[in-house]
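Keep the viewer open as you read.

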Amino acid sequence: MQLLGLDKDFQPVGYLQYFNLQWTREYYEIGQFSVKVDPASYSPDMAYVYTPERSEAGIVQKVEMQETVKGRSIQISGYFLEALLNDKVVWPTYYATGDIPAAVTGMLQQYKDDIPLLEVVDWPTAAADEGTAWQETGGKLADVAYTRLQTVQMSLRCRYDYLANKITAEVWRGLNRTQSQNINPFVTFSDGFRNLAEVKASLDSSNYRNYAIIAGQDQEENRKVAYADLSGGGYKRILYVDARSDRWDPEEQTEAEYLEGLRQKGLDKLLDYQIIQNIEIEASNTGFAYLTDWDLGDLVDVVIPELGLAMEARIITVREVRKKNNLTISIELGDKKLTQLQKARLIY
C-alpha cells in the first residue's frame, strides 16, 4: 500500500517509506492507523496520510521518535477523517424526524460548520428506512451519527478525493452477501467451504435486556414515559432509562414526536444489553478474497454445525497489518457496542 503525506492544506509533502503499517477500518466507529516510517521520509508538515488504494485517509495526530540499536524510526498515528466531524458538537438542540439516515444526513449538514473541503451527500428519500423522531444536545457530531446509524445497521464515512481535492461525507450500508438474498454473490465462512482453520465460540446472556422503560421530563404521575420493546411478545427483561434531560419543546416537536424520541433513546441503550455471541474464526486463504468478494460492512454467513450455529453477521472491523512485505488481515463480525471482545477473526 502506497502512502502519501499531505500538509494541512492537503498538498503533497512526500511519500512515506514505512516498516510497519496498521490500517484499522471500522463500521460502527471511527477507524485509525499507525505507521512506523524512516525518519528521512517524514516531514513535520505532514498533517494527513493518503492512499489511493483505500477509501480512508488518516489524520496525523501523534508523532513519536524512537531510537534503538537498529537505528531511528518515527511512529505516526491517528484517526481517519471522520474524526474531523467530532471537532463539532450538536448545539443548539437538533430535533430529528423521518427516517434515520436522512435525519443523520441533515444533522451533518447543519452542524459541520467550517470543516475544510467537506461536502455532505444527500440521502435519497426513496430509499428511506423506518421513520423515527429523536433529539440530541451537545454530543460530538460523528459519535452521534454512528450511534443513530447503528440502530439500522448503517454507517458513516468520509472519503477524500485527491484529484478533486474534496472530502465527501456520506451515510452508507454494506452489501448483503448472505444466502438469503439473490442480488450479490454470497460469502460463507464454514467447514463446507474449507475456509475455517480454528473456531472458538461462546454465548453470554447474563446482561441481556429486551425491554426499556424510558422516563422523560417532569416528575411522578406527570412524567412522560415511553417504551422500547424488543421482546417480540415473549418474556421481558426490563431496563430503566432516565432521560429527564431530554426536554419537550412544543414549538419544535409534537408530544408524539417527543415520545418517539424517548423510544429511540431506549433502543440505543438496549444495544449495550444484547446477548454476546463471541465467535473467533481463523480462516484459511481459500475461496473468498478481501476487497473482491467481501469488504467492510458486508453481511455474510457463518456456519458452525457442531455448535448448531448458523448466523448472518456483519463485518464491522478490518485490520490490515503490513510488515516486511507480509500482509495480515483480520476481521471482526458482530455489533461493536455489544462487547469489546472480538466477534470473529479471519487471518490470511
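Let's begin with helix H2, which spans residues 141–150 and is mostly covered, with 8 of its 10 residues buried. Please keep in mind that this is a predicted model. If you want to find the buried positions of H2 on screen, look for Leu141, Ala142, Val144, Ala145, Tyr146, Arg148, Leu149 and Gln150. As background, an α-helix has 3.6 residues a turn, so residues three or four places apart point the same way.

Next comes a sheet. Four strands form an open sheet in the order E2-E1-E5-E6, and their pairing is antiparallel. Strands E2 and E6 sit at the edges, each pairing on one side only. From one strand to the next, the twist averages 25°.

Which residue of E6 is the bridge partner of Tyr48? That partner is Ile59. Strand E5, covering residues 48–50, runs antiparallel to E6 and is joined to E6 by 3 bridges.

Now let's step back to the protein as a whole. The secondary structure comes to 3 helices and 22 strands. For contacts between residues at least 6 apart in sequence, 65% link residues that are at least 24 apart. The table gathers some further values for the protein.

| Property | Value |
|---|---|
| Residues in the protein | 348 residues |
| Share of residues counted as buried | 49% |

Methods: Residues are numbered from 1 along each chain as its sequence is written. This is a predicted model: local features need pLDDT of at least 70, side-chain atom pairs count only at pLDDT 80 or more; totals for chains, interfaces and linings use all residues. Side-chain values use heavy atoms; hydrogens and water are left out. Buried means under 20% relative accessible area, exposed over 50%, partly exposed in between (1.4 Å probe, protein chains only). Helices (H or I, at least four residues) and strands (E, at least two) are DSSP runs, numbered from the N terminus. Two strands pair if DSSP finds at least two bridges between them. Axes are lines fitted to C-alpha atoms, for helices over the stretch in contact, and angles run from 0 to 180 degrees between N-to-C directions. Contact means heavy atoms within 4.5 Å.
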